[in-house]
Structures are given as structure tokens and as C-alpha cells.
Amino acid sequence: MIQVSIRCGMRETTRQYSASPSVGELKADRDLRDELGFSDNVRVLVNGVEQPDYLRLPNGSAVTIETAANTKA
Amino acid sequence: MSEYVLKSTGRVFRRQADIVIPGETEIEVNPSMINAMVPKSRVKLSNFMPSPYGLVGASITEQETIFSVRLFNLILNCTIAIGDDGSASPTWQHSGTFVELIWPVPDTMKLFYCARVTPFGTTYKIHSAGTYLFALGVKNRSYRLPLPNIYDDGHICTGVGDVVMHSPVEAFLDCLTRFMKSQWNADLANEPMRTRAAQLFQFKVVPDGFKALAAPKEWASLCWEASNSVLEGIPAL
């Protein structure tokens, strides 16, 4: 099993997957969204570095989900 | 005797440490074991320093210090509209007559002002996008309040550039004081924000000024969920 720790603000959860999930899959996971409280407008960081949607997360990964900033109109 | 080696690749090896030529065997480990092997370099200090607006906490690593202060009152220095019934509500205009409204934070909300300070040569810097306002609700879900000078990710539009000072504390207190005394205006305001703010920030005219009305119990429904890694820097609540 692939285990990934996901933090969003003050909340954290650990999920197990049968295969390495991609960053994009994590962002689209409805259950994860409900549990941690995030929406479409997010970015996923590993050690402070934003990761692309296609990246597959290895076992033991710890990621942080942040709301992405908007820009002034 | 065995020793366990966490390599830069994130893979863990077991090594026979009591023989002259060590042999390594890669092993499967739980991530919690990896976490236990990584040096814990973050130091958190709760309420280590007073400020005019609350006790300050800090979270310190080699790369940055995150300061946070829990606010029990939010000062809204803004333009207002007064209704015939004596109600008063912020209008968030750029110009006009500004008044200072004191909004008591509801009991069910923990409101934090945070700033990320980084070393900058021999000084310390808070980036222009390095200060944040977050409301924490049930189960520590984090929210952005419907205010006009806050970006989606919770960072505050301060109207000034980077702040550089000779000490991290000095930089934080400068930004905190500026935040509490600044005027709120229509930058980043939009209709959804205005609609929600009108329900959350309600006041009435009283003989000596303005009095806040109790915020709705379901205040979270008037905010947007938002998060940033700066929240990890808030010491234990």
C-alpha cells in the first residue's frame, strides 16, 4: 500500500492507496476535500515546493495543500 | 547491531553496524518511522511575548520564523453607511469619512494574524505577501473572512512593499501595528464578498459611537475555506 500524509491548514490526514496517487488525483478527491476543507483553487506542496498535477507521490510522502492566491483585477 | 539510514532519496536502508564492512538491505518502513528519523527543527513558543493586540506566539526554523497573535477584536477602520433605523455597515470605499469600528470576534471563532519572517542578509524581512488573517472554526477548519483587502489564500493586501527590520520581532510588530491601524478599502472587493460582509459585520449607532451586533452563529457559512502552510506555525491552541 502507498501511504500519503496530507496537511491542509491546521488539519491533517493520512490516506492509503493501492497505487501511487497523482497530485491531480489528490486535488480532485471529493472525500479529501470534504474532510480537509478545500476547493478547486489549491496547490500541492512538498517541502514548500509546488508539485505538478501529473506527479505521482511515492509511499511515505507528506504533502501540504494550500489555497492558491488570486490576483488583483 | 543494526542502524537505519534514511537516504536523501527518501528510501530507508538497514545496515549491519557491528561488522567491518557494512552491508545494507533496503527495507519497507511506515512513514511514521521516516518522520521519527527526520530531525525536528521547528521550535514553537506559545504566548512568549506581549503586544498591544494580544500575546504573540512564534514558530522558528532555520529558514523562517512564523509569528502569530490571536485577535479578540478586529478593528475595521472604514467608510460606513448609516440606515434610518440606526444600523451602520461598512461600505469599504477608497475615500470618504473613515470611522473605527471594533468587531468582537465570536466565541466560536479563533482569529489569527500571522506573519512569515525570513533572514535577509543581516536583517529580517516580511515579504509584501507575507502577512495573513485566518479564522479557525469547528475542528480547526480555517477560513478567510469576507473582507476586501484579503486574497483568496488568506494573505493580506497591505498596500506596502516588503518590510525589512533589524530583528524578526521588530518586523512583526511593525506589520501588526500597521494592520490594526490601516484603512480597509475596496481593493479586492467583489459582490459576493460585500454580500457576506454585510451579514457578518453589523453595527448600530449608540450615543458614544458604534456597537457591534452579535455575529451570526453560522459565521463560517459567510466565509470561504482557505489554508496556507503559515497555519502550521501557530503554536498549540
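Helices (H or I, at least four residues) and strands (E, at least two) are DSSP runs here, numbered from the N terminus.

## The model and its confidence

This is a predicted model, where local features need pLDDT of at least 70, side-chain atom pairs count only at pLDDT 80 or more, and totals for chains, interfaces and linings use all residues. Residues are numbered from 1 along each chain as its sequence is written, chains are lettered from A and ligands numbered from 1 in the order in which they are written, and side-chain values use heavy atoms, with hydrogens and water left out.

Helix H1 (residues 23–28) of chain A comes out highest, at a mean of 96, and strand S4 (residues 49–50) of chain A lowest, at 86.

Let's start with B:Lys125, which lies in strand S11 of chain B. B:Lys125 counts as buried because its relative accessibility is 17%; buried means under 20% relative accessible area, exposed over 50%, and partly exposed in between (1.4 Å probe, protein chains only). Leaving out residues up to four places away in sequence, B:Lys125 touches B:Arg116, B:Val117, B:Thr118, B:Phe120, B:Asp162, B:Val163 and B:Val164, where contact means heavy atoms within 4.5 Å.

Searching the whole structure turns up one cavity of 30 Å³ or more, and the largest cavity holds about 60 Å³ of space. Strand S11 (123–136) and helix H2 (168–181) of chain B are the elements that give two or more residues to its lining. S11(B) gives the most, with four residues. A cavity is a set of points, on a 1 Å grid over the protein atoms alone, where a 1.4 Å probe fits but cannot get out, while a pocket is an open set with protein on both sides within 12 Å along at least five of seven lines; lining residues have an atom within 4 Å of a point. Grid points are joined across faces, edges and corners, and a volume is the space filled by probe spheres set on the points.

Among the residues lining the largest cavity are B:Tyr113, B:His127, B:Thr158, B:Cys175 and B:Arg178. B:Val163, one of the residues touched by B:Lys125, is also in that lining. The lining divides into five nonpolar, five polar and one charged.

B:Val105 lies in the loop between strand S9 (98–104) and strand S10 (110–120) of chain B. With 11% relative accessibility, B:Val105 is buried. Neighbours within four places in sequence aside, the contacts of B:Val105 are B:Leu71, B:Phe72, B:Asn73, B:Leu74 and B:Leu111. B:Val105 and B:Ala214 are 109 residues apart in sequence, and their C-alpha atoms are 9.3 Å apart in space.

The second largest pocket has a volume of about 340 Å³. Its lining has 20 residues, of which B:Pro106, B:Thr108, B:Pro216, B:Lys217 and B:Trp219 are the closest to its centre. That lining divides into 13 nonpolar, three polar and four charged.

## Cysteines

How many disulfides are there over all chains? With a disulfide taken as a pair of cysteine sulfur atoms within 2.5 Å, the count comes to zero. For B:Cys78, the nearest cysteine sulfur is that of B:Cys157, 16 Å away. B:Cys78 is buried, at 0% relative accessibility.

B:Cys157 is buried too, with a relative accessible area of 14%. Its closest cysteine sulfur is in B:Cys175, and the 13 Å between them is too far for a bond.

## B:Ser46

B:Ser46 is found in strand S4 (residues 43–51) of chain B. B:Ser46 is partly exposed, with a relative accessible area of 42%. Residues up to four places away in sequence aside, B:Ser46 touches B:Val56, B:Pro235 and B:Ala236. Its C-alpha atom is 9.7 Å from that of B:Val69, 23 residues apart along the chain.

## Two positive phi values

Most residues other than glycine have a negative phi. A:Asn47 has a positive one, near 50 degrees. A:Asn47 sits in the loop between strand S3 (42–46) and S4 of chain A, and is exposed, with a relative accessible area of 77%.

Phi of B:Leu188 is positive as well, near 70 degrees. B:Leu188 is in the loop between H2 and helix H3 (191–200) of chain B. B:Leu188 counts as buried because its relative accessibility is 18%.

Definitions and conventions: pLDDT = per-residue confidence, 0-100. Nonpolar A, V, L, I, M, F, W, Y, C, P; charged D, E, K, R; others polar.
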